[in-house]
Amino acid sequence: MTNRGRGLSARGNDVPVIAKLIWTAGFLIGATTHTLDIWNYGWLPYEFRPLPFNLYWTVLVFLDPLAALLIWVRQRWGIVLGCVIMGSNVLVNGYTAFIAGYEEFYFSLGLQAAFAGFVFFLAWRHWRSAKQLSDNS
C-alpha cells in the first residue's frame with residue numbers, strides 16, 4: 001500500500017487535511033473559550049485559582065490559535081506546541097478538578113482529555129512515519 005493509501009501525502013509524514021481541520025477546530029474552540037472569559041471577566045479572569053493557573057489559562061488565548069496556525073505552516077512546530085499545550089492543559093485542569101475539588105471541570109476535562117488523545121496519537125503517527133521514511137532512505 002502506498003503512503004497515499006494510508007491517508008498520507010506524497011511526502012509521507014504530512015498530517016492529513018481532515019486531521020488538520022479537527023486539530024484547528026479543537027484549538028480554536030479552546031481559544032474562543034478563553035477569549036470569552038477575558039471578554040466577560042477582564043484580563044486574568046480566573047481569580048478562583050492561584051496566579052500561575054490564572055496566567056496559564058489566560059496565555060492560552062495566544063497559544064491555542066498559534067497551535068492551530070502552525071499545524072498548517074510549520075507542521076512539526078505545531079505538533080510540538082499542540083502536545084505541550086494539551087499535556088499541560090489536562091494536567092492543570094485535572095489538578096483543578098480532582099485535587100482542588102472543582103467538580104464543574106469534570107465535563108470539560110473529559111472533552112480535553114479526548115482531544116489530547118487525538119493530539120498525542122497524531123504526533124505519534126507523524127513521528128513514526130517520519131522515522132520510517134528516514135529508515136527507508
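The following dialogue explains how several features of this predicted model are named.

Modeller: In this predicted model, local features need pLDDT of at least 70 and side-chain atom pairs count only at pLDDT 80 or more, while totals for chains, interfaces and linings use all residues. Residues are numbered from 1 along each chain as its sequence is written, and side-chain values use heavy atoms, with hydrogens and water left out.

Biologist: Why is I18 called exposed?

Modeller: Buried means under 20% relative accessible area, exposed over 50%, and partly exposed in between, with a 1.4 Å probe and protein chains only. I18 has 58% relative accessibility, and therefore counts as exposed. I18 lies in helix α1, where helices are DSSP runs of H or I with at least four residues, numbered from the N terminus.

Biologist: Which residues make the nonpolar surface patch?

Modeller: V17, I18, L21, I22, L66, L69, W72 and V73 make a patch of about 730 Å². Patch members have over 30% relative accessible area and no salt bridge, and nonpolar side chains (Val, Leu, Ile, Met, Phe, Trp, Tyr) are joined within 5 Å. A salt bridge is a side-chain nitrogen of Lys or Arg within 4 Å of a carboxyl oxygen of Asp or Glu. Both α1 (17-41) and α2 (51-73) supply at least two residues of the patch.

Biologist: What makes the span of α1 close to the expected one?

Modeller: The expected span is 1.5 Å times one less than the number of residues. With 25 residues, α1 reaches 36 Å from its first C-alpha to its last, close to the 36 Å expected. Helix α3 (residues 75-99) reaches 35 Å, also close to its expected 36 Å.

Biologist: Why is the pair of F48 and W57 called stacked?

Modeller: Rings of Phe, Tyr and Trp (its six-membered ring) pair if their centres lie within 6.5 Å; planes under 30 degrees apart count as stacked, over 60 as edge-to-face and the rest as tilted. The whole structure holds 15 aromatic pairs. In the pair of F48 and W57, the centres are 5.8 Å apart and the planes 25 degrees apart, hence stacked. W57 is buried because its relative accessible area is 2%, whereas F48, at 37%, counts as partly exposed.

Biologist: What makes the pair of F48 and Y102 tilted?

Modeller: Its planes stand at 55 degrees, with 5.1 Å centre to centre. This pair links F48, in the loop between α1 and α2, with Y102, in the loop between α3 and α4 (106-136), 54 residues apart. Y102 is partly exposed because its relative accessible area is 21%.

How values were computed
Patches are made of residues with over 30% relative accessible area and no salt bridge: like charges are joined within 9 Å, nonpolar side chains (Val, Leu, Ile, Met, Phe, Trp, Tyr) within 5 Å. Accessible areas come from the Shrake-Rupley method with a 1.4 Å probe; for residues, only the protein chains shown count as cover.
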